[in-house]
Amino acid sequence: MDIITTLAQELQIKPSQADAAVKLIDEGNTIPFIARYRKEATGSLNDEVLRQLYERLNYLRSLEEKKQQVLSSIEEQGKLTDELKAQIEAAQTLVVVDDLYRPYRPKRRTRATIAKEKGLEPLANLIRLQLTKKTLEEEAQSFLNAEKEVTTTEDAISGACDIIAEAISDEADYRIRIREMTAKKGMILSSAKDPKKDSVYEMYYEFSEGVSKIAGHRILALNRGESEKILTVKVEAPQEDIIRYLEKQVITKNNPHTTPVLKTVIADSYQRLIAPAIEREIRSHLTETAEDGAIRVFGKNLEQLLMQPPIVNQVVLGWDPAFRTGCKISVVDPTGKVLDTTVIYPTAPQNKVEESKTIIKKLIDKHHVTLISLGNGTASRESEMVIVDLLKELHNPVQYVIVNEAGASVYSASKLATEEFPNFDVGQRSATSMARRLQDPLAELVKIDPKSIGVGQYQHDMNQKKLSEALSGVVEDCVNKVGVDLNTASASLLEYISGISKAVAKNIVAYREENGRFESRSQLLKVAKLGPKAYEQCAGFTRISNGKNPLDTTAVHPESYKAAEKLLDKLGYTAQDLTTGSLKGISKKISDYKKLAEELSIGEITLRDIVKELEKPARDPREDMPKPILRSDVLEMKDLTEGMILKGTVRNVIDFGVFVDIGVHQDGLVHISQICDRFIKHPLEAVHVGDVVDVKVMSVDVAKKRIQLTMKGIS
């Protein structure tokens, strides 16, 4: 297989782009680095395409390796023909390679191998060739052997049939065709083990859908229902069509002695040997496809969540609500430094509302708090009531935001949180996280295992290795898009920078603590275990404000500093002009990018990127994202009425719709059919996590805590 050509065709890119990307990957370059600083080589392939390419490259290389192992094994057995070799080399998937290898794979003792040991293979060949003019009982007489426990003609024929059944099962072409027929015409069926039992899987108690049509989220739901022993799930294949196909392939002569036996053997081979394996493969393939789809959606949701704009220059009071143990409070300054912590008891059973309000007022006055970040967990509704009453009593304007606290408890109890706040309890850490994830969502959320952030579906049922790799890639891409300040970033944020490992991230923080702030990017080369290659990968994604070289505040890579300085000189500026913001509009001074790029000995794409950076140094790409909704009043579920139009924030996107926070502590569901007037295959085509949207209430079920919303028909 020509891997480069295959990658180019699959990803719909040029072979030269695929070849360049593969070479860069093999040289040890990271995806963010290739996407940002090697556009010339790859023709500007973005990080999403590069990650797909990397994944497929690994699969195709594993496939080629498997082919070589199989070819070597068959050749050692002296059974490799030119035709078989060509089939194996042409195989496009591991499943097909396994099908072709099946007859030659060393087997455990089966009914067929036992029959062969009894010397019944010639009888099996005779039956399969369908040439005999005698009855099978007559043919079987010569195979009777008391020493080998073949004492009757029935024993001999039965053993021969076992050999034929296994041979049919091992035929690669038959398996491939049967798999195709099952995938095309098969049905997924599910039923309840106890139809009277109430569960969330009731819609699957009597369920059937075509294998070729079933949606990924249904597969994941069926799998979970099966693992919880509530559902029985199976694949119903088009058995009559398959048996008819096999009979046509195997029974090639009209022989009254062999035809009835072969029909029985075919049915046995299919039901006992082929069908169970094909069902497992179909279920496995459906699950893998569903997981891949869910991981993609999870990744998109996570990206939108991480890229939410920070709320800057505000003193924030983080409020982690609770009942019995009290609400934990943490006040942080605009840089995220903790100024104060306390515990209040405004909720049941203590209900010390007035005392709590007095404490919060003092904190607001003392630290000039302008924003309250309230977690949406237990006792959040009750806490919000207190906050709204409190805000009405204040002289200075203070607003509040309800923050999704998914993962806060995981972070609070983690080793990282203990190292960060050794003198805090888990509640104080959680309240601090509430405040900080509003100030800088990316910097705070990278401390939490992405699986715990709560923007996916069925994430705990998936292949955890694949999920972790995909989500880590998303976090890495987000961190590198934004860039990281070397003098303020935590180790947990630094470790996602291209080329920086966990150990090196800790070494950067240790170096900073020992030597003071970084004054230039080149100082990174003095950090333990950070060599020239790692420096090349990470330098462009780091930022240093007020350092020796103003270019260190930009995404211009140090390898391009000379070109950037020459460019500035040519246009009548210096690097110092970056700090005054006087480089806006320099792109208008360049009439011929191609000619200028040649003069500067850089690529045209690189030149355009440099100019973009110089015009808007240290620009945060998150500025383009929707800002969170700041609230000053409260709405309850009972306040909702049909037809009411509200503004909300998209909290989660799943295959069949989106969940929108409309400020009532119960997210409403907008079904995919209610998102927009045009047809969409997936909600992500129209909406993303963090989007601020207008929704209309369709129905409210207070008892079941269900809110149905629509985004259609809102002028």
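Visitor: How many helices and strands does the chain have?
Guide: The chain has 29 helices and 15 strands. Keep in mind that this is a predicted model.

Visitor: OK. What box do the C-alpha atoms fill?
Guide: Along the principal axes, the C-alpha atoms of the chain fill a box of roughly 105 × 70 × 50 Å.

Visitor: And what percentage of the residues count as buried?
Guide: The chain has 715 residues, and 50% of them count as buried. On contacts, take those between residues at least 6 apart in sequence: 66% of them join residues at least 24 apart.

Visitor: Let's go inside. How many residues are in the largest nonpolar core?
Guide: The largest nonpolar core has 130 residues. Leu246 and Ile508 have the most contacts inside it. Helix α15, residues 259–306, supplies the largest share of this core, with 18 residues. There is another core apart from it, of 30 residues, and Leu7, Ala8, Ala21 and Ala91 are among them.

Visitor: Back to Ile508. Which residues does it touch?
Guide: Not counting residues up to four places away in sequence, Ile508 touches Leu486, Leu494, Ile500, Phe518, Leu524, Val527 and Leu530.

Visitor: Now sheets. In what order do the strands of the open sheet with β1, β2 and β3 come?
Guide: The order is β2-β1-β3, and the pairing is antiparallel. The edges are β2 (206–210) and β3 (231–236). Each has a single partner strand, so one side of each is left without a neighbour in the sheet. On average, neighbouring strands of this sheet are turned by 15° against each other, direction ignored.

Visitor: How many bridges join β1 to β3?
Guide: Strand β1, residues 187–192, is joined to β3 by 6 bridges, and the two run antiparallel.

Visitor: Different topic. Is Ser356 buried or exposed?
Guide: Ser356 has a relative accessible area of 1%, so it is buried. Its place is in helix α16, residues 353–367.

Visitor: What is Ser356 in contact with?
Guide: Leaving aside its neighbours within four places in sequence, Ser356 is in contact with Ile344, Tyr345 and Pro346. A polar atom of the Ser356 side chain lies 3.3 Å from the backbone nitrogen of Tyr345.

Visitor: And Gln537, buried or exposed?
Guide: Gln537 is buried, with a relative accessible area of 2%. It is found in helix α25, residues 532–538. The side chain of Gln537 makes a polar contact with that of Asn29, at 2.7 Å. Leaving aside neighbours within four places in sequence, the residues in contact with Gln537 are Gly28, Asn29, Thr30, Phe33, Ser498 and Gly499.

Visitor: Phe33 is in that list. Which residues form an aromatic cluster with it?
Guide: Phe33, Tyr37 and Phe541 form one aromatic cluster. Phe33 and Tyr37 both lie in helix α3, residues 31–37, and are 4 residues apart, about one turn of the helix. Both are buried.

Visitor: How are the rings of Phe33 and Tyr37 placed?
Guide: Their centres are 5.8 Å apart and their planes are at 45°, so the pair is tilted. The structure holds 6 aromatic pairs.

Visitor: Last one: what does β13 pair with?
Guide: Strand β12 (residues 657–661) and strand β13 (residues 668–671) pair in the antiparallel sense over 4 bridges. Here Val660 stands opposite Gly668 in β13. The hairpin of β12 and β13 has 6 residues between the strands, and Gly663 there takes a positive phi near 85°. β13 also pairs with strand β15, residues 706–710, in the parallel sense over 2 bridges. In β15, Leu709 is the residue opposite Val670.

Notes: Residues are numbered from 1 along each chain as its sequence is written. This is a predicted model: local features need pLDDT of at least 70, side-chain atom pairs count only at pLDDT 80 or more; totals for chains, interfaces and linings use all residues. Side-chain values use heavy atoms; hydrogens and water are left out. A nonpolar core is a set of buried Ala, Val, Leu, Ile, Met, Phe, Trp, Tyr and Cys residues joined through side-chain atoms within 4.5 Å. Buried means under 20% relative accessible area, exposed over 50%, partly exposed in between (1.4 Å probe, protein chains only). Contact means heavy atoms within 4.5 Å. Two strands pair if DSSP finds at least two bridges between them. Axes are lines fitted to C-alpha atoms, for helices over the stretch in contact, and angles run from 0 to 180 degrees between N-to-C directions. A polar contact is a pair of N or O atoms within 3.5 Å; within protein, one must be able to donate a hydrogen and the other to accept it, and residues adjacent in sequence count only if both atoms are side-chain atoms. Rings of Phe, Tyr and Trp (its six-membered ring) pair if their centres lie within 6.5 Å; planes under 30 degrees apart count as stacked, over 60 as edge-to-face and the rest as tilted.
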